[in-house]
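Good morning, everyone. Please have the model open while I talk.

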Amino acid sequence: MFMSETAPEQLLTTHDGRSLKVSLARALRREKLRALFLIAPLLIFVLLTFVAPIADMLFRSVENGIVEDTLPQTVNALASWDSGSGELPGEPVYAALHSDLLVAVKEKTHTRLGSRLNYEQTGISSLFRKTGRRVKRMDDAAPFKEQFIAADDKWADLSTWQTLKQFSPRYTDGYFLAAVDAERGPDGIEMKPADEQVYIYLFGRTLLLSVAITISCLILGYPIAYLLAALPLRTSNLLMILVLLPFWTSLLVRTSAWKVLLQQQGVINDFLVWIGLISNANRLVMINNQTGTIIAMTHILLPFMILPLYSVMKTISPSYVRAAKSLGANDWTAFWRVYFPQSVPGIGAGAVLVFILAIGYYITPELVGGTSGIFISNRIAYHISSSLNWGLAAALGTMLLAAVMILFVVYDKIVGIDNVKLG
Amino acid sequence: MAGTRGASVVYDSVQKSYDGESLVVKNLNLDIPPGEFLTMLGPSGSGKTTCLMMLAGFEPATHGEIYLNDKPINNVSPHKRGIGMVFQNYALFPHMTVAENLAFPLQVRNMNKAEQQEKVQRALEMVELGQFGNRRPAQLSGGQQQRVAVARALVFDPELVLMDEPLGALDKQLREQMQYEIKHIHENLGVTVVYVTHDQTEALTMSDRVAVFNDGIIQQLSSPDVLYEDPQNSFVAQFIGENNKLNGKVIDIQGDECKVELSDGTHLKADKVNVDSIGDLTTISLRPERVEFDDAVSMDNVVSGKIEEMIYLGDHIRVRMNVAGNDEFIVKVRNRGEKRALSVGDTVKVGWARNDCKALDHVA
Amino acid sequence: MKLKSVILAGSAVALTATSALATDMTIVSWGGAYSASQNNAYHKPYMEANPDINIINDESSNEAVAKLRAMNEAGNITWDLVDVVASDAIRLCDEGLAMPIDADEVLAPAPNGTPASEDFGDLIVSECFIPQIVYSTTFGYRTDVAEWNGKTPEDICAVFDLETFPGKRALEKRPINNMEWALLCDGVAKEDVYNVLETEEGQAQAFAKLDTIKDQTIFWSAGAETPQLLADKEVVMGSTYNGRLFSLIAEEGQPVAMLWDAQVFDIDGWIVPEGLPEDRKAMVLDYLKFATDTQRLADQAKYISYGPARKSSAPLVGKHAELGIEMAPHMPTDPENAKNTFLYNYEWWADYRDDLDAKYQAWLSQ
């Protein structure tokens with residue numbers, strides 16, 4: 001700044017007379033390009049496999065073009081119909097529906113629309129399938145309204161048309177509403193009947209169980225990491241291999257092993273009955289419930305807690321604890337006031353890692369969680385692979401992502417994100 | 001803090017082995033009276049730090065007993081020994097402020113808040129860091145951290161303070177300054193200090209007595225001047241201060257005086273220190289500053305040698321000579337200001353008194 | 001000698017080269033014993049007759065619906081033929097992901113000349129679907145439960161009778177079948193089941209019945225779980241596919257018996273993905289014609305206890321290829337087993353699946 005003010009005109013040049021700034025930029029540009037070139041494979045990989053799918057997921061959770069694309073004239077004609085009027089739409093709407101359906105049946109898109117709208121109202125799937133078979137045989141001269149109602153009396157049902165109109169815009173909040181157990185009723189947004197509410201409950205359970213898993217990972221992992229950090233390198237390497245051993249066996253094998261151990265006729269119960277701690281009639285239920293999920297997931301995620309803890313503890317010099325003891329602190333005080341606070345960054349990193357992994361797990365809860373130990377991810381998986389309701393799956397996934405991010409911000413506020421050390 | 005007395009420490013036949021095969025400390029007997037500043041000096045691996053750690057309670061003694069104020073402490077856990085300790089890298093708790101660090105030993109002793117604060121402030125002022133209570137250790141310079149570490153080791157009025165190479169991480173100038181400060185604190189408080197270092201200057205500057213360790217054994221235990229003037233063996237002679245070695249054979253012994261024949265036939269008179277009988281091989285130790293040029297002819301021992309190299313060092317001139325076949329023979333000549341007629345290549349006579357040279361055990 | 005081995009090696013190379021030139025056909029199925037039975041009954045004879053075609057087995061049927069949709073969106077169909085259950089076939093057809101097929105045009109008639117559509121009859125539940133086997137979801141129970149005092153379950157309502165038949169049950173983590181059984185055992189007549197289930201009250205009635213055994217039930221999501229649970233004595237009775245129970249009883253010799261009562265018939269079969277290029281479509285249709293003829297369907301029953309979908313195949317069912325036991329009595333369609341069966345209503349479930357599934361999951365997680 002000072003330089004440029006005293007000699008603004010006098011631009012510095014290199015030997016060959018070019019401006020120094022230009023030359024510097026040129027030299028740096030080559031460096032930058034080379035760096036960019038080197039990270040390009042990773043960058044492209046991340047963009048294609050990570051950023052793009054997440055963007056796609058966010059988009060799917062609100063996208064709803066299928067109604068307008070399949071029934072353009074009907075949507076247009078419905079615009080002037082008041083869904084609160086209590087009367088069925090007029091003949092022009094049925095006529096528009098007829099000509100839309102003729103095209104849709106030819107392109108076989110009407111059944112797809114049917115299964116989309118069936119998520120919102122039961123029965124529309126078969127309504128479209130059935131009507132699709134009849135629409136070609138309809139008489140162009142006679143009024144379509146009667147013919148449609150004759151084909152299926154659901155066309156005389158107000159709620160069918162209300163659903164159609166409600167979901168005719170290209171973008172919808174319907175999936176997000178469904179993801180929080182709500183729906184848009186005649187009087188605006190309202191909660192679904194109690195016997196259909198499941199997602200908020202599952203979100204809550206997922207968070208709660210993930211916290212429980214994180215805590216049990218911490219309780220089990222902390223002493224192990226401490227031991228690893230305190231032992232001489234040769235012994236700790238051996239122990240480290242044991243810690244990493246679960247990584248080398250298939251997830252399904254490990255989970256099945258837990259079944260053998262935990263089930264009511266399993267090894268642990270057999271042993272407890274044999275030593276007489278419990279009676280044969282009162283065998284413990286440790287699997288196909290939340291206990292099973294917590295135990296199996298803790299085992300699977302334990303290394304993710306131990307590794308960051310270990311790498312932080314490794315940097316804590318033993319002289320701190322010695323100093324504390326020489327200053328008069330007993331073992332517990334030395335640990336709690338001096339060692340533990342210094343290991344907090346490792347706890348932070350391990351807890352965040354385990355929690356985020358736990359919150360998105362679904363294979364293990366599916367296998368050992370029974371009905372009370374399953375997570376929200378299990379429903380996401382169900383909607384992706386079984387019900388094909390990808391919009392709802394995307395909305396649930398987006399909410400999960402948002403929940404994790406909110407927790408992250410809260411964590412940052414309370415503990416501080418700079419207080420996280422992965423190594 | 002003013003009323004603190006020092007504690008006495010006794011090592012009684014203490015042995016220490018880590019692997020059950022070799023001893024790192026071999027039969028240590030050491031008596032430290034109250035208020036003494038004792039330094040354990042020795043090269044690394046000599047067993048000095050192990051001795052300190054046994055006293056602090058971080059390493060158990062394999063055999064023998066350590067007494068603190070005449071009470072055996074082998075089975076007393078470290079936190080109950082009431083010993084202040086300054087660690088090599090200070091071990092200041094990084095997550096606490098300076099004041100919290102200092103208050104820590106007071107808190108664990110359940111002292112009330114007001115008294116804590118007062119003591120902490122006094123300790124900070126003692127090390128001239130009165131304004132730094134709210135800083136974190138990482139915000140202090142190395143010298144300041146050092147002082148905090150000393151203050152923390154003293155704040156709970158221990159009778160004994162252990163220091164494990166506390167100045168090792170400081171630069172030379174700061175180290176010298178800290179040496180005096182620690183010495184003054186010791187003098188003011190009267191606590192017993194056991195100090196471990198491998199730096200002989202540090203040991204000589206600060207200590208009442210120095211225990212020179214080598215190979216798990218105390219080679220010599222005496223005050224700094226005795227250590228320098230009357231080394232008991234070649235190891236001590238060489239480890240403390242600069243030293244000329246001349247190897248030879250004892251050819252005559254009379255009382256505490258002996259005659260030594262060097263390999264080139266030169267005969268020297270020396271104090272008999274660590275030789276037993278005629279015919280023994282010996283290494284003669286001689287301090288470089290005790291060798292004279294000018295009055296050489298009238299001294300007990302006179303030899304001639306060739307000047308190989310002269311280095312001007314300001315307060316003195318360091319002359320490297322070849323004497324009796326040893327071309328590492330160093331003479332320190334005080335710089336008196338007058339021109340000297342010495343130059344490289346001259347053959348001159350040098351001399352020294354008999355009791356400046358000691359016949360010690362032979363080293364190759 | 002040397003020359004001979006060189007020639008031999010050369011011809012081996014040439015053979016490998018021709019097989020490498022052969023066209024690949026990717027067939028997706030369920031894996032395990034089921035894929036093995038298809039391999040023995042269909043793939044092997046077809047590849048023998050058509051050496052230029054190489055069939056690749058892909059075991060992705062349980063996620064076929066989602067994968068087909070993803071392939072369709074990406075515009076790159078890598079599968080040629082997919083084995084799915086009927087309800088998935090309906091869904092795929094609705095979504096436009098499966099190709100409609102005219103059975104009489106594409107498939108072989110029965111040996112006596114009956115057209116294919118008649119031979120399969122009403123098992124063709126979707127215009128995209130070519131039935132292959134009839135299987136059933138039914139119950140197996142342990143025959144060595146001391147607490148039952150020698151009684152054996154004789155009808156479906158034994159599942160809900162905790163007093164006579166104490167012990168844990170295994171039920172599927174889906175509403176399908178469970179809701180019907182619950183109503184059947186709560187006094188609803190067989191023909192009224194779906195009418196009742198259509199109403200809120202009917203659904204509440206079914207859930208209330210299921211509630212009576214809920215805390216004694218382990219819910220499964222994979223068909224292999226129930227046989228394992230039965231073998232481990234974790235449950236005393238459980239629902240699963242009849243073929244799984246057959247292996248448990250006949251092949252593993254476990255003390256387990258079939259209930260058969262109120263077994264729910266379901267159909268498994270083929271769909272051809274929509275959007276295949278003409279040459280691949282032609283190849284697949286040729287295979288389909290071969291693999292779904294009367295003899296081939298009967299052959300499959302030698303390896304697995306699922307009934308052939310063609311009426312004309314039934315008389316041709318023989319003995320198990322390895323165990324040598326007569327297969328007919330183990331078929332769900334055997335008259336002795338099919339005394340009381342329940343027909344699963346695909347159309348109805350296509351409409352109510354989303355709604356009831358949400359309610360069922362809510363019920364499960366309560």
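First, the ground rules. This is a predicted model: local features need pLDDT of at least 70, side-chain atom pairs count only at pLDDT 80 or more, and totals for chains, interfaces and linings use all residues. Residues are numbered from 1 along each chain as its sequence is written, while chains are lettered from A and ligands numbered from 1 in the order in which they are written.

Let's start with the chains. A contact here means that the C-beta atoms of two residues, placed from the backbone, lie within 7 Å. Chains B and C do not touch. Their nearest C-alpha atoms are 45 Å apart.

Now look at where C meets A. Here 28 residues of chain C are in contact with 32 residues of chain A. On the chain C side, the elements giving two or more residues are helix 3 (64-74), helix 4 (86-94), strand 6 (217-220) and helix 14 (346-365). Helices (H or I, at least four residues) and strands (E, at least two) are DSSP runs, numbered from the N terminus. Helix 14 of chain C gives the most, with 13 residues. By class, this side of chain C has 10 nonpolar, 4 polar and 14 charged residues. Ala, Val, Leu, Ile, Met, Phe, Trp, Tyr, Cys and Pro count as nonpolar, Asp, Glu, Lys and Arg as charged, and the others, Gly among them, as polar.

Next, domains. Their bounds come from an automatic or database domain assignment. In chain C, domain 1 is 2-134 + 267-330, and domain 2 is 136-266 + 341-365. Their C-alpha centres lie 30 Å apart. Between them, 14 residues of domain 1 of chain C are in contact with 10 residues of domain 2 of chain C. On the domain 1 side, helix 4 of chain C gives the largest share, 3 residues. That side has 11 nonpolar, 3 polar and no charged residues.

Chain B also has two entries: domain 1 (9-234) and domain 2 (242-361). There the C-alpha centres lie 39 Å apart. In chain B, 4 residues of domain 1 are in contact with 7 residues of domain 2. The domain 1 side of chain B has 1 nonpolar, 3 polar and no charged residues.

Now turn to chain A. Helix 13 (residues 251-262) and helix 15 (residues 290-313) of chain A pack at an angle of about 135°, with their axes 11 Å apart. Axes are lines fitted to C-alpha atoms, for helices over the stretch in contact, and angles run from 0 to 180 degrees between N-to-C directions. So helix 13 of chain A is oblique to helix 15 of chain A. Under 35 degrees is roughly parallel, over 145 roughly antiparallel, 65 to 115 roughly perpendicular, and the rest oblique. Among the residues making this contact are A:Trp258 of helix 13 and A:His299 of helix 15. The contact has 6 nonpolar, 3 polar and 1 charged residues.

Last stop: C:Ala103, in helix 5 (residues 103-106) of chain C. Why is C:Ala103 called partly exposed? Because C:Ala103 has 19 other C-beta atoms within 10 Å. With C-beta atoms placed from the backbone, 20 or more means buried, 12 or fewer exposed, and in between partly exposed. C:Ala103 touches residues including C:Phe120 and C:Ile124. C:Ile124 is 21 residues from C:Ala103 in sequence, and 8.8 Å away in space, C-alpha to C-alpha.

Terms used: Lists of a residue's contacts leave out its neighbours within four places in sequence.
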